Structures are given as structure tokens and as C-alpha cells.
Amino acid sequence: MMRFTSLDFEKANNDSCSVCSIGIAVFENGNIIFSNNYLVQPLGNEYLTLHTTIHGITAEDTCSAPHFPIIWNIIREHIEGQIVIAHNGCTVEFPILESLFSYYEMDMPAYQGICTLQLSQQLFPYLNNHQLSTLAELFNLSFSEKLHHNSQYDAEVCGFIFLKMNQFFTLNSSFMPDNKVKKENLKTDFFTEAFSSKRIDSSLIYPAVKPKYENHYFYSKKVVITGEFNAFPKQRNRLAQILFDCGADINTSISRNTDLVLVGTGAGPKKLEKINALSIVVMNEEELLYLIKDFINS
């Protein structure tokens with residue numbers, strides 16, 4: 001079974017070698033087998049107020065903390081030769097490691113670095129953002145803003161997000177989306193699990209500035225979705241994303257400005273009364289599928 005280490009740094013200032021806290025969480029067989037947070041004395045023990053405001057660590061907290069080489073001797077077994085993941089690791093944690101090893105004239109360890117931010121951008125291009133909190137919400141993981149920027153906590157959350165990515169998607173040996181694997185061979189339908197709520201969470205869907213499919217029937221129409229659709233069982237966000245790609249403006253409530261209501265089975269009687277009262281055009285699932293049949297599996 002897969003074993004990996006999740007890593008997170010907090011810095012005292014803008015210098016890449018000003019790491020003041022290192023959080024690691026070691027996962028094996030889907031569980032955390034070790035987790036800890038290490039205070040590190042940054043170079044000169046100099047802090048910027050902005051950084052302290054973010055993570056709460058001060059110069060007083062690290063004035064007697066060990067420097068990085070000592071901490072490295074403690075954590076090296078969890079990084080050297082291991083799969084190491086970090087959120088935004090490609091631009092933060094991994095370059096910082098290189099800077100620290102260069103400054104202290106230490107031999108850079110070999111490891112397989114995986115950036116969960118970069119991976120999430122490939123898996124979920126429709127998200128408004130790819131922050132740790134957003135991905136935690138996407139996977140129904142609890143997330144505490146109060147604990148955010150505690151390096152141990154962030155490392156643990158990042159690790160659980162990585163586990164979910166591997167659970168729902170087929171990734172190649174470099175832990176990138178495997179484009180060669182056919183959709184029907186995926187281990188499970190991600191949307192069924194992750195978007196099980198009936199309610200459309202529009203904050204999780206990113207409407208492209210330019211519709212993916214131009215000159216479509218839904219272009220510029222204000223659309224409301226109500227009821228259940230057999231072709232999209234518990235996947236209303238997936239349906240909403242297709243409509244966004246066709247240029248639709250998805251609304252969550254019916255009003256005089258609504259151009260069209262997609263009505264599935266089990267639509268509430270009050271909504272149907274309002275539709276009739278406002279004389280709004282309705283569309284059933286059969287009509288809907290005819291219009292988007294070319295985009296469902298694209």
C-alpha cells in the first residue's frame with residue numbers, strides 16, 4: 001500500500017530560508033501513522049509582522065529553537081527516498097528545501113515531490129480557486145480556519161486531500177491524471193460521491209469567461225434546475241458545469257428574469273406553480289439531453 005509524507009512550512013519573513021515551523025504527516029494504508037510540528041529558528045530569528053499575523057509564531061517562540069540541520073536529522077527518514085506531497089509545493093515547500101540545503105551546504109535528498117495544488121488544477125479546472133480549504137470542502141473534509149497555517153494541521157489536511165484524489169481518480173506513476181485510462185475504467189464516479197447534495201454550490205463551479213461551446217441554445221439564458229435527472233444521479237453540479245460551458249447563467253431561484261427552468265422528476269409543486277404564474281419556459285430531461293448529448297462525455 002502507498003506510503004507518503006505530507007509537508008508544510010511557515011516562514012518568519014520573505015527570505016526562503018526563514019522557515020520557522022515545519023509540519024509533517026506520514027500516511028500509510030490510508031491512515032496517519034505519524035504527525036508532528038517542529039519549531040525552527042530562522043536565520044537571524046527575524047520576523048515580519050505580516051507573517052506573524054498569518055501563523056501566530058513570534059521571535060520569542062523560536063529564540064531557543066534548533067536550526068534547520070538539527071530538525072532535518074529528526075525528519076529526514078520521512079522525506080529521503082519517500083513520496084513527499086505539499087500544497088503549492090512546486091513554488092513554496094520544494095524550492096524552500098533546496099534553499100535550505102544550499103545555505104547550510106548539505107546534500108539535497110532524493111524524493112518524489114507531488115504538488116497537490118498543481119494536481120487539483122488539472123483535476124478540477126472549474127473551481128473558483130484551489131486553496132486547501134476549498135479542496136477540503138470539495139471532499140467533505142472538516143476544515144478549521146482557526147487551525148489553518150498551523151503547519152502540522154495543514155500537512156494533515158493536505159494528506160487527506162491527496163488520499164481522496166487517489167481514491168476517486170486514476171493517476172499515473174507520477175501521480176498525474178492518467179489520460180490513457182478510459183472513463184468507464186475509473187474506480188468510481190467522483191461526482192456521485194463528492195457532489196451528493198441536491199443543492200448546486202455555485203461557488204465550486206467556475207464559469208469560463210468564454211463559453212467552451214459557442215452559439216449554443218443555452219448561451220446567455222438564465223437557467224434554473226429543479227428536480228432529479230436520471231442521466232445525472234446526484235450529479236447536479238456536473239450538469240451545471242455542462243450548462244456553464246454552453247454559456248448558461250445558472251440561477252438557484254425562479255424569478256421574472258428566469259428564461260428557462262429545467263424540470264426533472266420530483267420537482268416541488270410550489271416551484272411548478274411559480275413557473276406557471278410567471279409563464280416561464282420549461283424543458284424536460286429528454287429535451288435537455290438532446291441539446292447537450294454531444295457534451296456529456298466530452
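Which residues lie nearest the centre of the second largest pocket? In this predicted model, where local features need pLDDT of at least 70, side-chain atom pairs count only at pLDDT 80 or more, and totals for chains, interfaces and linings use all residues, the answer is D8, F9, E10, E93 and H149, from a lining of 19 residues. Residues are numbered from 1 along each chain as its sequence is written, and side-chain values use heavy atoms, with hydrogens and water left out.

A pocket here is an open set of points on a 1 Å grid over the protein atoms alone, with protein on both sides within 12 Å along at least five of seven lines, and lining residues have an atom within 4 Å of a point. The second largest pocket holds about 430 Å³ of space, a volume being the space filled by probe spheres (1.4 Å probe) set on grid points that are joined across faces, edges and corners. Two or more lining residues come from each of β1, α1 (49–55) and α7 (151–168), where helices (H or I, at least four residues) and strands (E, at least two) are DSSP runs numbered from the N terminus. Strand β1 gives the largest share, four residues.

Five strands, in the order β3-β2-β1-β4-β5, make up an open sheet of mixed pairing, two strands being paired if DSSP finds at least two bridges between them. Because β3 (31–39) and β5 (112–115) stand at the edges with a single partner strand each, one side of each has no neighbour in the sheet. Neighbouring strands are turned by 25° against each other on average, direction ignored; axes are lines fitted to C-alpha atoms, for helices over the stretch in contact, and angles run from 0 to 180 degrees between N-to-C directions.

Nine bridges link β1 (residues 3–11) to β2 (residues 19–28) in the antiparallel sense, with D8 bridged to G23 of β2. Helix α4 (residues 93–103) packs on this sheet, touching β1, β2, β4 (83–86) and β5, at about 75° to the direction of β1; contact means heavy atoms within 4.5 Å. Strands β4 and β5 are parallel over four bridges, and I85 has I114 in β5 as its bridge partner. The chain passes from β4 through α4 to β5 in a right-handed β-α-β crossover, that is, one whose path from the first strand over the helix to the second runs clockwise with the strands pointing away from the viewer. Helix α5 (residues 116–123) lies across β4 and β5, at about 50° to β5.

A second open sheet has four strands in the order β7-β6-β8-β9, with parallel pairing. Its edge strands, β7 (249–251) and β9 (281–283), each pair on one side only. Three bridges join β8 (residues 260–263) to β9, and V261 has V282 as its bridge partner in β9. Helix α9 (residues 236–245) packs on this sheet, touching β6 (222–226), β7 and β8, its direction making about 160° with that of β6.
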